Amino acid sequence: MIMIEVKKVMDKLKFSLFSPDMIRKMSAAKITVPDTYDDDGYPIDGGLVDTKLGVVDPGLRCKTCGGRVKECPGHFGHIDLVRPIMHVEFAKHIYYVLKSTCPSCYKLLSRKPVPVKEIEAIEKIEEKPAVPAPGKEIIGSVVPVLESTAAAAEVEIKAKKPKKEKSVRKCNHCGVELPEIKLLKPTTIYKDKDMMLPTDIRDWLASINDNDLRELGFDPVYSRPEWMVITALPVPPVNVRPSITLETGERSEDDLTHKLVDIIRINQKLDANINAGAPQLIIEDLWELLQYHVTTYFDNETANIPPARHRSGRPLKTLAQRLKGKEGRFRYNLSGKRVNFSARTVISPDPRISLDQVGVPISIAEELTVPVHVTDWNIEFCKKLILSDSYPQAVYIIRPDAKRIKVGDTPEMKKEQVEALKVGSILERQIMDGDISLFNRQPSLHRVSMMAHEVKVLPGKTFRLNPVTVSPYNADFDGDEMNLHIMQTEEAQAEARYLMKVDKQLLSPRHGHAIIKPQEDHVSGLYFMTHDDAVFTKEEAASMLYLIGITELPASDVAGGKYSGKLLFSQLLPPTANLRTISKLGQEIVIKNGKLLKGAVESKVMEGELLENMFVTEGSEFTKNFIDRATRIALEALSMHGLSVSLKDYTISENGMGKAREITNKMSREVDNLVMQYRSRSLERAPGMSLKETLEGLIVEITTKTREDVGKVVEHDLGIENPSIIMAKIGARGSLLNAIQMSALVAQQTVRSKRLARGYKGRILPYFKAGALTALERGFVYSSFHKGLAPYEFLYHAMGGREALVNTAIRTARSGYMQRRLINALQDLVVFDDMTVRNADMSIIQFVYGGDAKDPMFASKAALLDVTKQDDIDTA
Amino acid sequence: MMTTVKKQNVMIPPYEAVGVICAQSIGEPGTQMTMRTFHYAGVAEHVPTGLPRLIEIVDAKKEPKKAIIDVHLKSAYAKSPTEAEKVAKELASIFVRDVARVEDDLETLTIEATFSEKDGKGQSVTFNMLKKALEPFCSEMKVSENKITLYPAKEKPKETKAGEKKEKKITAKYVRRLTQKIREAIVKGVRGISRAVVVKDEDGYFVRAGGFNIVGACLNPAVDVKRIYTNNIKEIERVYGIEAARKAIIKETRDVLEMQKLAVDIRHIMLIADAMTYSGTVKSIGRHGLSGEKVGVLGRAAFEETIKHLINASAFAEEEKLIGVTENIIVGQTVPVGTGKIRLVMKHRKKG
């Protein structure tokens, strides 16, 4: 038998207001006691944790539904307020309704009575039926119509308008003079100069007829304005506000419960005073206090009123605070959901696994499971899993009747279960090699921050990933942690495997260039390997080719039965590979029909066309293998060749040092000269700049030039054989600047792209003369990292470094928020099968995605394919 | 080793969530951008580039922090730097304070403006031009050498409630305020355009200036109206319409990314520009623009201003149709993008 899962799909939700009647009707209990538990620790009847509202203590049963803690969903209760109270959040709505209606006949006001003739005129023009149906044409133009949320802001502006013309207005229905209605935030409404009592407000609102309410945007069935003045306050079920028991055995109630206690207490007091016939003043005071408590019950951060506080002085977290913001219900619990079948640990590199694999520690593999449907074809395998008493094991059996059984511990139990195993059951087994998983590193800034990897169970305690995949995740191995997820349905697994696998993501959807590519040491290795004089013996060649799965040696191409690195590299290439480019070293590189003919491979070759074209023409699988094999052979070649740096590699010769010193001395003289000109005012002012700015501009120019000149000296002195220079030149790692700063001079430090100028008045340190402008005194570091920095130079460097640090901190925060907004604004945009881009309500954003319906990932590679785009659109 | 050769399709797969990819493609490089400001020599300093500028574009600000206008000239003027220089001088606004010292005399309730020959010459402003600029502020003026003594004009009487006009006296306070106003009065040039400089490109010379008054600049007969450009997107929308604004968004965004050497496919930039402009007006990305106008209550509540959206939804009995991504995540359903949009049922055949 096949289990058919009936899936309920939610079609829509309706928001509305509760009428007091509805609140009372759905209430399981009227709450009257401002207390929770009695002396014996039992919930008080009519108290705030009345068992009719549900239960939180184990052992008790709910008096409404009879359920226990986990079964009972909780039930609302209610408090009858002695006097009506304004709802803070609806104060504005109430205010607008009062402003838009007549206080005496309760009809909708027009700003100017529309003459009948004009109405007819409008009707004629618009060819509308004689009686304008809920006519926005007429009334909408004269009364602030509260229509939708978006219009709310506009309404505020509209509503302000009549205030300016101070002439006395009259009701266009009954001719009564209209009072001026004012809202004193948060909840007080004035009618002319008198404060309106919530009772009066409620009566007024209740007298407005349904049609007029519809004009104002309400739906009288679901929301009437008088319901915004509360007479019955719903009390949320206890499981919404559970109390916690401290170690001392003391109970600590939830903030909401505290607030509700306050409300009931004041409500009772008010009731007692009214019944005792207390003076109006006292009643109004209590009424206002009740208003305060109800207000803070809804939102404890309401402007202009002090927040209600806990005994300790901590502001209470009431309803609004529960929903709001990053840690609120919406963003924390509803938009972000926690999942099962996931794992997290530190990551470390493993260049020996394929780039689409992830090394999973056994301890994690034992914990994570995947469901397997038992079929005729795998039943034997399933039985083996049940019987196994070590790693690849089945953990649960879900029988066709949906009963979940834990796999037994003893051989006897297992045997029994194996015998009972039927096709149609589902087995939950531990994950094994080849299973698909999702691997993710936060922050997930782009699509490739989460990709599908094949599981490879390995010893150890860290996730292992191939170092070529660090770039999409933006990961390094200094302690980064990553998350792993195991999909639990076949659909999800298939989607992951066919759409999210690492090898499908070699190109970035952002620009269509390779993001997963041989990097750093791979580039160095390939460079040394394909260098013109890189020659390998037969043995070397054999061992290298064996690494990439080639067991038959090609014919040797160098005299003496030797092999050139170029030949070895060519073994990796598909016959379709063609490339002709000038390398970063200025060399010509030629690849023709899958043979590297000329030049040594460097980063430009690997990241550019070669890989991208291969991906498009040969497919993802081939390219994945290419990268795997290329990196493997590159590392082998690199370890054979050897690559290291030492202090010696950053020491420049006496001669070079002398040249560098000459350049810096010349610079110092030039700067001094400029400063002198500046002081004597003989410096010529550049257009649009002050004299000081001119000077600074010129000095910056000189210092930059100095660094470049010294750079040339360093480059020449260290020589092309220097490993550091090689790495920089072929684009493996580091830059020339790094080498200069280490060996020759650190050069100018800047803050806000200007020379340093902070600290003391006119100088950076009291050690200098005030107003000093020479290079040395304004952040130029003459020393190299090798030599060591002078104390003041160290400070300069720290100043520059601090700016960089602060900037990154600010940048991440700002760009994070920008991205959140971008995602939120664009997340509903989807390309439809007619290539239009539409948003959630089906409005067309673009008629053809990107103008040509091409995937940005492949757009630039269209020429490589024989398909033309137009055909695809037409025949689609 | 044999692998299957599989060709990729260049077409965008149907139901691809292009919006999210676009947002990510523009947002992700944001973390790598520098915050340095840019310098247009003689026109404006500290012009935001990189992330701050990108945020400005996406916010659809009324006025960018530093507005720049590029005024291209008709071919007859574009060839010669001197002609262009002339146009530049005509465009850049010169204020009274730039060419004259303005002092008030509170005893006599007069204002005295002293023309500075030197400054005037530099800006090619004559004494007469200054005089003309001051005229609207006074009822009477006395001229001596390079000094002008102004007798302030009376304030325009305000109309009161009853409709009667009330004469206002000239007070010391008023004179003080008027002095300030006079200092900021324009002697010459186009309002809102400052510091014009001649720049050369492959088409010849053009004028680059601070500000964005397109209409004002177009009044100059030398200006090629078709090739005027400003980095103020809202102004472009106002003057040239929504299609031009869309192009401006694309250009500005590309320029920012290119300057930082960040590669982003044009399609992503176009999509964001289209999303911002499809409604017919430029809308910002954020709670006051696109996000604030989304259909779903839950989606809006989950973004920003949670309480406001929930309250309004209940007050006006709104319906949540659950058509957006966030809305469906909130209720725990499949999202309506990508494979989540496809409904496929496989008929299960009994074996045998």
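In what order do the strands of the open sheet of 3 strands in chain A stand, and in which sense do they pair? The order is 3-4-5, with antiparallel pairing. The model is predicted: local features need pLDDT of at least 70, side-chain atom pairs count only at pLDDT 80 or more, and totals for chains, interfaces and linings use all residues. Residues are numbered from 1 along each chain as its sequence is written, while chains are lettered from A and ligands numbered from 1 in the order in which they are written.

Helices (H or I, at least four residues) and strands (E, at least two) are DSSP runs, numbered from the N terminus. Two strands pair if DSSP finds at least two bridges between them.

- Strand 3 (181-184) and strand 5 (194-195) of chain A are the edge strands, each pairing on one side only.
- Strand 4 (residues 188-191) of chain A runs antiparallel to strand 5 of chain A, with 2 bridges between them; A:Tyr190 has A:Met195 as its bridge partner in strand 5 of chain A.
- The loop between strand 3 and strand 4 of chain A holds A:Pro186, and the peptide bond from A:Lys185 to A:Pro186 is cis, with omega near 0°.

**Contacts between the chains**

- In the interface, 92 residues of chain A are in contact with 86 residues of chain B (C-beta atoms, placed from the backbone, within 7 Å).
- Helix 27 (residues 791-826) of chain A gives the most to the side of chain A that touches chain B, namely 13 residues.
- That side of chain A has 40 nonpolar, 27 polar and 25 charged residues. Here Ala, Val, Leu, Ile, Met, Phe, Trp, Tyr, Cys and Pro count as nonpolar, Asp, Glu, Lys and Arg as charged, and the others, Gly among them, as polar.
- Strand 1 (residues 13-14) of chain A pairs with strand 13 (residues 319-320) of chain B in the antiparallel sense, over 2 bridges. A:Leu13 stands opposite B:Glu320 in strand 13 of chain B.

**Buried elements of chain A**

- A residue is buried if 20 or more other C-beta atoms lie within 10 Å of its own, exposed if 12 or fewer, and partly exposed in between, with C-beta atoms placed from the backbone.
- Strand 2 (residues 77-86) of chain A is largely enclosed by the rest of the structure, because 8 of its 10 residues are buried.
- Strand 2 of chain A runs antiparallel to strand 6 (residues 229-235) of chain A, and 6 bridges join them; A:Met86 has A:Val229 as its bridge partner in strand 6 of chain A.
- A:Gly77 belongs to strand 2 of chain A and counts as buried because it has 28 C-beta neighbours inside 10 Å.
- The C-alpha atoms of A:Gly77 and A:Ile31 are separated by 6.6 Å, although these residues are 46 residues apart along the chain.
- Helix 21 (residues 609-618) of chain A has 8 of its 10 residues buried, so this helix is largely enclosed by the rest of the structure.
- The buried residues of helix 21 of chain A pack against strand 21 (579-582), strand 22 (588-592), helix 20 (603-607) and helix 22 (620-641) of chain A.
- Just after helix 21 of chain A, A:Gly619 takes a positive phi of about 95°.

**Helices of chain B**

- In helix 8 (residues 172-183) of chain B, the residues B:Leu178, B:Thr179 and B:Ile182 are buried. Seen down the axis of helix 8 of chain B, the buried residues fall within an arc of 110°, so they line one face of the helix (the arc is that of the directions from the helix axis to the C-beta atoms).
- On the other side of helix 8 of chain B, B:Lys173, B:Gln180 and B:Lys181 are exposed.
- Helix 14 (residues 306-315) of chain B has 8 of its 10 residues buried, so this helix is largely enclosed by the rest of the structure.
- Just after helix 14 of chain B, B:Ala317 takes a positive phi of about 50°.

**Further backbone features of chain A**

- A:Ser753, a residue other than glycine, has a positive phi near 55°; A:Ser753 counts as exposed because it has 12 C-beta neighbours inside 10 Å.

Conventions:
Two residues are in contact if their C-beta atoms, placed from the backbone, lie within 7 Å.
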